[in-house]
Amino acid sequence: MASVTGKLPAFLRRREWLLAILVLLTYFLFNAQRPDNYTFPKLLNQTRVYMVDVGFMALGMLLVLILGDIDISVAATAALSATVMGVSYRGGEGLPFWAAVLLMLLTGLACGLFNGLLVIRFKELFPMIITLSTLTLYRGIAYIILKDQSAGSFPAWYAKDLGYGSLPLMGLEVPIMLLCLLAVLPFYYLWLHRTASGRRLFAAGTNLTASRYSGLHTDRIKLTAFAMNGLFAAIGGFFLTSRTGSVKYTIGTGFEMQAIAVAVLGGASTSGGRGSVAGLLLALVLLTALKNGLMLLYNDAFILNLSVGLLLILVVLIPNLFQALADRRRILRQRMQLAK
Amino acid sequence: MKRILSLMLAAALLLSLGLAVSAEEPIKIGVVYKQTGNPFFEAAVRGFEEASQELGFEFIHNGPADSSNEGQIQIIEGFIQQEVDAIAISANDAAGVVSVLQTAMDKGIKVISWDSKVLAEGRNLNIDPSVAQNIGRVQVEEIAAQIGGEGQIAVLSAAATHDNQNTWIKYMKEELEKPEYDKIELVTVVYGDDLTDKSYQEMQGLINSYPDLKGVISPTTVGVAAAAVAIKDAGLSGKIKLTGLGLPSEMADFLADRTCEGMYLWNPIDLGYVAAYASVAMVKGEITGAAGESFEAGHLGVREISDAGDGGTFTIVGDPFRFTPENIEEWKNVY
Amino acid sequence: MSTRQFKPLRLGRLLRNRELGLTLVLLALIGLIGLRNPAFATPGNLQFILGDTSILIVLALGMMCVLLVGSIDISVPAVMALSAMTAGIVMKNNLVQADTQVLVDGALTAATVKTSTPLPLLLLLAAGVGAACGLLNGLLIAYGRVLPIVATLGSQYILYGLSHLISGGQAIYRKDMSDAFIQFTRGNVLGFNSKVLIMLAAFLVLMAFINYTRYGRRLYAVGSNAEAARMSGINTRAVTLSAHTIMGLLAGLAGMLYASHDNKVTQDMAMGYEMYVIAACVIGGVSVTGGVGKITGVALGALTIGVINNGLTMLRLTGNSEFWKKAIQGAVILIAIITNVYIKRAHERRVLRERRL
């Protein structure tokens with residue numbers, strides 16, 4: 001009896017399974033409500049709206065979260081990087097586009113490195129506080145550079161084909177952006193879960209002090225994670241800009257919270273040591289399915305946010321409650337055995 | 001020439017398409033506004049409702065929670081997915097939605113911008129609430145009359161990144177060049193970012209830094225209300241004159257106690273109403289959005305489309321309406 | 001202690017008192033900005049800043065309680081919005097307008113008097129809604145074991161959504177407010193603005209609570225070592241729960257102050273304000289990892305933020321570019337918290353050196 005009831009929560013306690021079930025539930029629920037518009041091909045087309053730019057930012061955020069840190073300057077980093085790209089390309093009159101993109105990635109890397117340096121140099125300060133001030137700083141610099149202008153006139157292949165194009169694949173129109181994200185994921189997965197340098201992140205995130213004493217250069221690991229986070233933020237900014245077609249200093253405002261939400265939903269914990277690529281991908285799919293469905297049904301931004309908030313809390317809370325219940329039952333059983 | 005030809009071709013094509021659509025199912029319009037929960041846009045939606053009762057079209061409306069460009073793109077993509085026939089948008093960023101709206105136009109969706117325009121390449125037609133020059137001019141005239149044609153004035157704007165704000169301020173400055181305003185000095189333009197507490201602080205800063213300040217123009221609903229609170233709190237009601245673009249419901253008490261003796265705004269209901277009529281006319285193929293055309297906007301009469309000077313076309317709803325302590329009672333519960 | 005040590009010790013005491021260091025930073029800031037724009041450093045403007053910062057201080061006091069137990073709350077502005085919206089709707093629905101005559105400059109003039117639900121009831125309602133939100137956050141965190149950032153990020157979305165739903169898309173404007181509510185933040189007692197007085201009251205009550213009650217001291221105990229606290233018989237979950245409830249209650253009150261000050265309640269009220277609140281605490285020396293922080297420091301930290309924000313406005317008026325303000329704001333906050341770290345390190349080195357002697 002106990003083993004049967006214990007098994008179901010154990011199965012659901014794997015975040016990936018829980019998410020996969022939720023994805024299917026969400027899909028069939030909304031598909032039943034809106035069979036004409038909420039279809040798989042149409043949902044696939046919407047992935048570029050909800051998945052790609054936030055997805056890349058979440059990939060970076062995951063590294064920092066695994067370490068038990070947090071970075072809320074990612075959206076500002078993306079904005080500053082995109083600004084640098086837009087200004088250096090100058091609608092075709094400045095640098096060649098590839099050079100502008102390179103400069104953009106370097107800017108992201110530099111922002112991430114600066115965050116990382118501050119974090120390891122001032123350990124008394126929680127990374128949240130440091131990145132809270134660099135958030136204002138980076139966006140402020142973008143504001144100084146762009147002022148009230150927007151930078152745009154990007155090459156057509158970037159603003160049109162990458163941003164809105166899709167490739168026919170197995171009879172489906174798959175957005176090119178999504179393919180880019182999916183192409184990166186296997187490498188990211190292999191690196192994070194299968195190489196020593198990726199596993200070190202988990203080690204350092206689970207127990208920083210123990211890792212340091214066992215010979216890990218924890219500062220270097222942290223610096224790398226923050227720098228890579230900056231780089232991923234810039235890549236996110238690259239894809240976001242391909243959709244907007246122009247850059248204003250306000251681009252991507254608030255995306256940091258979305259990136260955190262995706263990573264946490266995917267199984268990362270802000271206290272470190274946990275996180276999975278599969279979970280992150282499933283979280284992205286779930287949010288896409290949910291947000292798009294709610295958009296079609298209600299056309300109300302606040303209801304959309306409200307549901308995302310509820311989802312975030314419930315997905316984290318429910319396994320915890322099951323765990324607490326299981327713990328209590330175990331203790332009771334032990335007590336009964338003792339009484340016998 | 002080539003462009004006109006292609007436009008005509010497209011018009012002919014759409015005429016047939018439009019007829020086909022109207023025969024099968026009602027026209028569906030997607031309305032996008034800057035922000036959900038903003039009373040100005042709630043009122044504009046009422047205009048769409050009015051028009052839909054008269055014309056029998058369907059419409060869905062949505063705006064982001066945070067007045068962001070990205071949020072508007074999400075909504076537009078959702079509308080394209082729902083296969084609307086036209087999108088009517090008040091844009092948060094004139095350039096930022098061009099790409100997505102172009103993909104919509106590629107799919108045969110008509111794009112009309114209203115209240116806050118989209119760049120010419122991303123729209124078929126723009127509906128301005130009023131001629132921008134007039135909006136700038138009337139506010140200068142108003143403040144000049146209130147301060148007696150003499151003294152320091154300042155402008156409290158929304159944000160340095162808002163296109164329509166910048167255009168109006170440009171026209172205000174042009175108007176102030178005129179000889180009859182020689183004795184009026186525009187000391188500064190400050191920005192409250194369309195946040196109440198920030199605007200309040202900016203207004204307070206103006207009061208502190210310019211003891212001789214006589215008047216303030218705030219061409220934004222958030223700014224003018226915050227300025228009214230700040231002036232009243234400083235006990236300077238009547239000493240520092242205030243005008244601008246304000247919501248009657250928000251400004252009612254300040255007009256009643258004469259902190260503000262006159263302000264302007266267009267009627268958002270009419271704005272939505274005209275945008276709705278334009279959208280339907282365009283979906284039906286009665287107009288293409290080219291300069292020289294005209295359409296019937298219900299009880300508001302015929303609207304002429306003319307060249308906007310930015311590569312696109314536009315039409316206007318009417319003149320900005322003047323709200324005074326005398327007429328505010330009848331408007332304060334309307335919008 | 002020998003007399004030889006007397007002098008260095010006094011210097012040490014100066015540095016040890018971190019609040020004094022922060023006060024010096026604050027005075028330097030005021031002086032520097034005042035040099036650029038003399039209108040900044042006038043008593044009138046400084047009093048204005050104090051009044052304007054009162055709301056931030058009230059919130060920072062609550063945030064300090066939450067940070068002390070090692071938690072965090074980023075749903076603060078949403079709690080403010082929901083509380084103020086609830087009370088605002090009640091006020092709007094019960095509003096009664098009456099035309100009367102009042103004496104102005106010795107002459108009777110026509111005036112409209114607006115009354116509604118008594119202000120204390122409205123405040124109680126808002127504080128209650130706020131406390132309930134805080135309680136919910138606390139339950140999620142203490143008993144649901146959801147990490148604080150995740151729980152309050154989620155509840156921020158939910159509470160803003162709720163305030164939108166109950167508002168029905170309508171904002172509360174001055175015309176919907178009773179005179180008593182509008183005057184709530186505009187009263188003047190003994191030359192002090194009522195916002196300042198409310199802030200002082202909250203400050204004193206919380207100071208007494210934190211520093212002089214056994215219950216308040218537990219906040220520190222739980223934050224600095226939760227395990228040890230539990231072993232010594234403290235119900236750490238209940239303490240976390242109460243810290244969040246206090247935060248919620250203060251956020252509810254602050255929401256009313258904010259609404260009265262702004263003359264309006266919108267469903268997206270104060271969006272993004274949580275960052276200022278957290279920054280105020282950190283500048284004031286509260287550790288985000290828990291257990292460290294002083295109530296006077298928090299007030300000074302909030303004042304620093306207030307001075308920076310107002311100072312940027314005043315600097316801009318002397319010709320500095322609009323476009324620089326955000327970068328300057330970020331840089332100044334960064335410099336302020338880093339300076340704080342150096343002061344703390346210097347203090348710790350000194351303490352170590354003294355021990356060695």
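This is a predicted model: local features need pLDDT of at least 70, side-chain atom pairs count only at pLDDT 80 or more; totals for chains, interfaces and linings use all residues.
Residues are numbered from 1 along each chain as its sequence is written, and chains are lettered from A and ligands numbered from 1 in the order in which they are written.

The domain assignment divides chain B into domain 1 (2–130 + 267–321) and domain 2 (132–265); such bounds come from an automatic or database domain assignment. The C-alpha centres of the two domains of chain B lie 31 Å apart. Nine residues from domain 1 of chain B and eleven residues from domain 2 of chain B take part in the contact between them, where two residues are in contact if their C-beta atoms, placed from the backbone, lie within 7 Å. On the domain 1 side of chain B, these residues comprise five nonpolar, two polar and two charged. Here Ala, Val, Leu, Ile, Met, Phe, Trp, Tyr, Cys and Pro count as nonpolar, Asp, Glu, Lys and Arg as charged, and the others, Gly among them, as polar.

Chain B contains an open sheet of seven strands, in the order 2-1-3-4-5-14-13 and with mixed pairing. Strand 2 (58–62) and strand 13 (306–307) of chain B stand at the edges with a single partner strand each, so one side of each is left without a neighbour in the sheet. Helices (H or I, at least four residues) and strands (E, at least two) are DSSP runs, numbered from the N terminus, and two strands pair if DSSP finds at least two bridges between them. Strand 3 (residues 86–89) and strand 4 (residues 110–114) of chain B pair in the parallel sense over four bridges; Ile87(B) has Val111(B), in strand 4 of chain B, as its bridge partner.

Across strand 1 (28–32), strand 3, strand 4 and strand 5 (125–128) of chain B lies helix 10 (residues 268–283) of chain B, which runs at about 165° to strand 4 of chain B. For this angle, axes are lines fitted to C-alpha atoms, for helices over the stretch in contact, and angles run from 0 to 180 degrees between N-to-C directions. Helix 10 of chain B includes Val283(B), which counts as buried because it has 25 C-beta neighbours inside 10 Å. A residue is buried if 20 or more other C-beta atoms lie within 10 Å of its own, exposed if 12 or fewer, and partly exposed in between, with C-beta atoms placed from the backbone. The C-alpha atoms of Val283(B) and Ile29(B) are separated by 9.3 Å, although these residues are 254 residues apart along the chain.

In helix 5 of chain B, the buried residues include Ile135(B), Val138(B) and Ile147(B). The buried residues of this helix pack against several elements of chain B, among them strand 6 (151–157), helix 6 (163–176) and strand 7 (184–191). Just after helix 5 of chain B, Gly148(B) takes a positive phi of about 80°.

Chain C touches both other chains named here. Towards chain A, 37 residues of chain C are in contact with 38 residues of chain A. Helix 6 of chain C gives the largest share of this side, 13 residues, and the side divides into 25 nonpolar, nine polar and three charged residues. Towards chain B, 29 residues of chain C are in contact with 25 residues of chain B. Helix 13 of chain C gives the largest share of that side, five residues, and by class the side has eight nonpolar, twelve polar and nine charged residues.
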